[in-house]
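Here are a few friendly notes to read alongside the model. Please keep the structure open while you go through them.

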Amino acid sequence: MFEKVLIANRGEIALRIHRACREMGIKTVAVHSTADANAMHVRLADEAVCIGPAPAKDSYLNKAAIISAAMITGADAIHPGYGFLSENADFAEMVELHGMTFIGPKPEMIRLMGDKVTAKRAAIESGLPVVPGSDGDVKTVDEALMWGEKIGYPVIVKAAAGGGGKGMKVAHNASEMADAFTLAKNEARSSFASDVVYIEKYLQKPRHIEIQIIADNYGNVVYLGERDCSLQRNHQKVLEECPSPALNPEQRRKIGEIASKAMAHIGYTNVGTIEFLYEDGQFYFLEMNTRVQVEHPITEMVTGVDIVRDQIRVSSGGLLGYKQEDIRMNGYAIECRINAEDPRTFIPCPGQIGAWHVPGGLDVRVDSGMYAGYKVPPNYDSMVAKLIVHGRTRNGVLMRLRRALEEFVIEGIKTTIPLHQKIITDPEFIDGQYNIHWLENFIEQHKDEIVEE
């Protein structure tokens, strides 16, 4: 087992990793920018190293500074969390070259699944169902038009190195293809320094379903059920639940087995999430995230598996310690991402937190690095907390979540708590009748009703 882990991240995930390490008897090193000198995980870690100024490119994305901090403090492993360098294969290789362990999959696997074109090829070869689309990157408008006719409109042009909704344009017919293709390539070039794009069938009203898997270095692969992440705004997840209200046990078992067999086929190790679009009873591979997910807590609440702890253990060479038949889905869980944003305009609202009171009670969990008096910096993602609620039934969870949101007090900054309060009382959401377009339509229809009390 590791003796000391450097946490190459910030915010709630850095604190989550610190807690897992502490419970395993592992010392921690917190790296931080000048803006995060007073962050909770920095206060709690055994050691802390400032790695640069506030801009992420000069601190949390500074590979050399992070490696240097790990070497100076004698860390034998680096946990990247999510975001930043968590899916950077070059950084993972650097960690290994300096004699440390990267707590995540192998660099070659990050590279394979990080490019959407190669990931789709790997998915097809390993038996995952995929959305009909081009058999590789598309280089010209004429080629794009050919694929549009072959697949059937509407289609979506996607950046191979994309993420977060960037480099994605929809063409509903041939006359829209040239503009969609050109715009997607240009946006991909400016956002990812690569203008490689591919084309897929555009599904009209799909749900976003993801399968959580974890695998050790000895061929053991287990899936931990699914999460429904369909509530999105600008391709960013807002609320997630586990299990999905759209699936029955047989569908859950079938797609879980397909996903775990696919990961065994490609030799994947560590944690990972296979994302699918789901429509009319069919699953279509979307992408794979080769890291721990923001929404992992709802899976932990339902399965009882400590995903971060097990991720650390298998990275150190340990056995997974359980088999598929040991996994039991116990009840339901929902996570609300609480952001420092105006709940109507979604303009970021950084600033100093005044009163801070988190909800409590049975099966209520809050993952956050915030506290009263902390100044939320303007330099990073606006998420300040994750509220996770578990219960025996979905209706019970919704009642508990309503109560927990009422108890949550954050003063000094605006947050998206009012948005969540509005969402969970909507009849369509209560009935589980939503897709990936539902939330944006809901916000447009109810924006005047989303107000802070």
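Predicted model: local features only at pLDDT ≥ 70, side-chain atom pairs only at ≥ 80, totals over all residues.

1. Residues are numbered from 1 along each chain as its sequence is written, and side-chain values use heavy atoms, without hydrogens and water.

2. The protein has 15 helices and 20 strands (DSSP runs numbered from the N terminus: H or I of at least four residues, E of at least two). Its radius of gyration is 22 Å, which agrees with the value near 22 Å for a compact globule of 453 residues (taken over C-alpha atoms; the rule is 2.2 Å times the number of residues to the power 0.38).

3. Do look at helix α7 (residues 141-151) and helix α8 (residues 174-192): their axes come within 10 Å and cross at roughly 135° (lines fitted to C-alpha atoms over the stretch in contact, with angles from 0 to 180 degrees between N-to-C directions).

4. In the contact (heavy atoms within 4.5 Å), V141, A144, L145, G148 and E149 of α7 meet A174, M177, A178 and F181 of α8.

5. An open, parallel sheet holds 5 strands in the order β3-β2-β1-β4-β5 (pairing takes at least two DSSP bridges). Its edges are β3 (47-52) and β5 (101-102). Strand β4 (residues 77-79) runs parallel to β5, joined by 2 bridges; I78 has F102 as its bridge partner in β5.
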